[in-house]
Amino acid sequence: MSSDYSYDEQGQFYPFFIFTLSTIVTLPLTYSLLAPSKDAEALAPRIRSSFQPEHADLIQAQAKAHKRKQRKVKRAIAALVGWAVMAGMLYLIITTQRTTAKIWNPYDILGISESATEKQIKSHYKRMGLKFHPDKIRPDPAKNETAESLNDQWVELSKAYQALTDDEVRNNWIQYGHPDGKQGFSIGIALPKFIVSDGNGKYVVLVYGALLGVLLPYLVGSWWYGTQRVTKEGVQVESANSLFREFTEVHEEGDLITALSSGKEFKSFLKGDKSESGLSRIESSILASGEITPYAGGLSAKDKTKLEDLDSGVRRKVLALLWAYLGRVDLQDRDLNSAKYTVAPIAQSLCRSFLAVALAFGRSEPILFSYHVSQRLIQAIPPKASPLLQLPHFTPAVVKAIEGDSKEHTTVQQFMERPDAERRKLAIGKGLLNEEQYKTAVEVSKQLPYFQVAKAFFKVTGEKFIIPSSLVSFVIKGRFVPPGSTDVPAIDEMDLEDVDPAEDDLDAMLGRKKTVKDASGKIVSEDVKQISPPITFAPYYARDHSPKWHIWLTEKRGGSMAVPPFTFTSFDKPIFTADGKPTYNVQTLKAQFAAPGQAGKYTFLMNLVCDSYVGFDTQMEVTLSVEEASKAAQMTAEDEISEPEEDSLAGQMSALKGAPVAKRRKDEDESDDESATEEEESDTSATNTDTEDES
């Protein structure tokens, strides 16, 4: 027995092979391109406004360039090539003529019927011998016959005859399908023969060597070193190390902005001459006198000193561009203005990396700095500047007219709480806003998602008391009330309750459904639908940014972080209607953590910060009461005793009022029945005894 390698010389099989390989790659690639985007920026609604900031064309050009990078053009080209290969192979599969393997059949070879007798077979074979024996026939060149081909034909006829007349040969044919017994197997290779023949083998080896020895190691190495070079926050490890070294120097928001300029990512677009060109113009522009600040860029004297202490180069130019962006300073040069809008998103990603460092140290102040600088970068507002600059058309002159000589800045909420006539009197005038600009600012402010906390409390699911080391849920109930909202409905007290899911409701326990009370007070489960807030109104930020809310707890004394931040990017109820009006739905935010290991009362400061809007923060005291396990069990038992039973008159009245009632247990009913029966018997016996005594 021997093996034989056969190539697909007719092109029957290799199209199937290549079609299969290309399908395995192309279909998932195509799905990844055509599948609906799950990014919040792509699905979330937008705040309606026609406001166009200065240099809007530069900002929009950068935003479009960023979106083009996200479209993954290379992947789309690869998918198109894959479909082209699949189409070509499918065409070959359809048009190529098939050759089917012939089964060795002695009856077909001899040309007789399978019902022929042995005598008929011998007679037919003799006639065939007179006609096809090599000694009786001569090759016919017209039919391309040769002596060898005629001899092979006669051998085949002889084998067919023996398979029908000789017992041993017949057994070989029946058992192995061939008169010569077991044959060698053939291995088919779904590649055209010309690839590995006629001296082409060396090229195949060369291609394999390039694929396996060069391309594959390069791709694996690029992927590996790429992952090692970037942190989970998406910044280079070298940049994260620089921020770690700068951490101890950050004592206020301006210090953090200086620290962010150390990122190595800025070198990607400030190469060669760009690293220092225009630096003097940028610095002279940001250090010019501002309308309400000492410098136009919004930096302090300390920030100016830090800028001047840096050596000329990439970092100094980046820091100057950051201040120009935050101060909305026109640099009178298209390339420089474009560069200042480029540095902001990079600095925003570096700010997230600094937050990771701050969380590792567990200090609340640097954590607040990182969130506040994030707000400033997205809104293009310098540190300590008025939150009113978030509104369209608002300039330092308008802010000064509204705030006057007040040492405290006016928030958007405080401005919108004033009567409309007062707002108009302050904001509209010569050198300030006109009527149309004022209306635009008010319309935008009434669409900003300001989260107003209504209630915050601690609980353990399914329990009345919190014991040491239990899993505590910190529940925040609130609603989005945009600044300037009128006719805000009162909160239904039922919406402030946090209903525990039933023990057998696995979906609710795992968070796939939420447990609520309907209008009749009945506990029901509803599907959880994640609602995204509107994309941040940030006309100067060259990215679409979905706002995030962060909640964490700090110790009242010392300011150390007690519970790390929990981030919320979506909510369980609609925030705005289809036409942009607020719904005032009560939203529920939950954060889980382990309770302290000892009983007592713990007072924390709750920090709720939105990373996208200035002045939308909330800070309030919350108290966590942890009871001893034994005391909690005793208090639970007392509460159960104090609750009236549901079948009693007091229980029915309590249930009508919505108060808790105790259910009457079956074993208690049975024991009560038994005791009642015993009492009846004892009463009867006592009566009988008395009667007998009387008689």
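Colleague: At roughly what angle do the axes of H11 and H14 cross?

Modeller: The axes of H11 and H14 cross at roughly 135° and come within 9 Å. Axes here are lines fitted to C-alpha atoms, for helices over the stretch in contact, and angles run from 0 to 180 degrees between N-to-C directions. Helices (H or I, at least four residues) and strands (E, at least two) are DSSP runs, numbered from the N terminus.

Colleague: What should I know about the source and the numbering?

Modeller: This is a predicted model, in which local features need pLDDT of at least 70 and side-chain atom pairs count only at pLDDT 80 or more, while totals for chains, interfaces and linings use all residues. Residues are numbered from 1 along each chain as its sequence is written, and side-chain values use heavy atoms, with hydrogens and water left out.

Colleague: Back to the pair: which class does the angle give H11 and H14?

Modeller: The crossing at roughly 135° makes H11 oblique to H14. Angles under 35 degrees count as roughly parallel, over 145 as roughly antiparallel, 65 to 115 as roughly perpendicular and the rest as oblique.

Colleague: Which residues meet there?

Modeller: From H11, Gly254, Ile257, Thr258 and Ala259 meet Arg315, Leu319, Leu322, Trp323 and Leu326 of H14; contact means heavy atoms within 4.5 Å. This contact of H11 with H14 divides into six nonpolar, two polar and one charged residues. For these classes, Ala, Val, Leu, Ile, Met, Phe, Trp, Tyr, Cys and Pro count as nonpolar, Asp, Glu, Lys and Arg as charged, and the others, Gly among them, as polar.

Colleague: And how do H11 and H13 pack?

Modeller: Their axes are 9 Å apart, at an angle of about 20°, which makes H11 roughly parallel to H13. The crossing is right-handed; a crossing is left-handed if the near helix is turned anticlockwise from the far one by less than a right angle, and right-handed if clockwise. Gly254, Asp255 and Thr258 of H11 make the contact with Lys302, Asp303 and Lys306 of H13. By class, the contact of H11 with H13 has no nonpolar, two polar and four charged residues.

Colleague: Is H14 itself mostly covered or mostly uncovered?

Modeller: H14 is mostly covered, with 12 of its 13 residues buried. Buried means under 20% relative accessible area, exposed over 50%, and partly exposed in between (1.4 Å probe, protein chains only). Among the buried residues of H14 are Arg316, Lys317, Trp323 and Tyr325.

Colleague: What covers them?

Modeller: The cover includes H11, H12, H13, H15 and H16.

Colleague: What follows H14?

Modeller: Arg328 follows H14, and the phi of Arg328 is positive, near 55°.

Colleague: Where does His393 lie?

Modeller: His393 lies in the loop between H16 and H17. The phi of His393 is near 70°, a positive value in a residue other than glycine. With 26% relative accessibility, His393 counts as partly exposed.

Colleague: Then Ser469: buried or exposed?

Modeller: Ser469 is exposed, at a relative accessible area of 53%. Ser469 is placed in the loop between S3 and S4, and has a positive phi of about 65° although it is not a glycine.

Colleague: Finally, how many helices and strands does the chain have?

Modeller: The chain has 24 helices and 11 strands, and 38% of its 695 residues count as buried.
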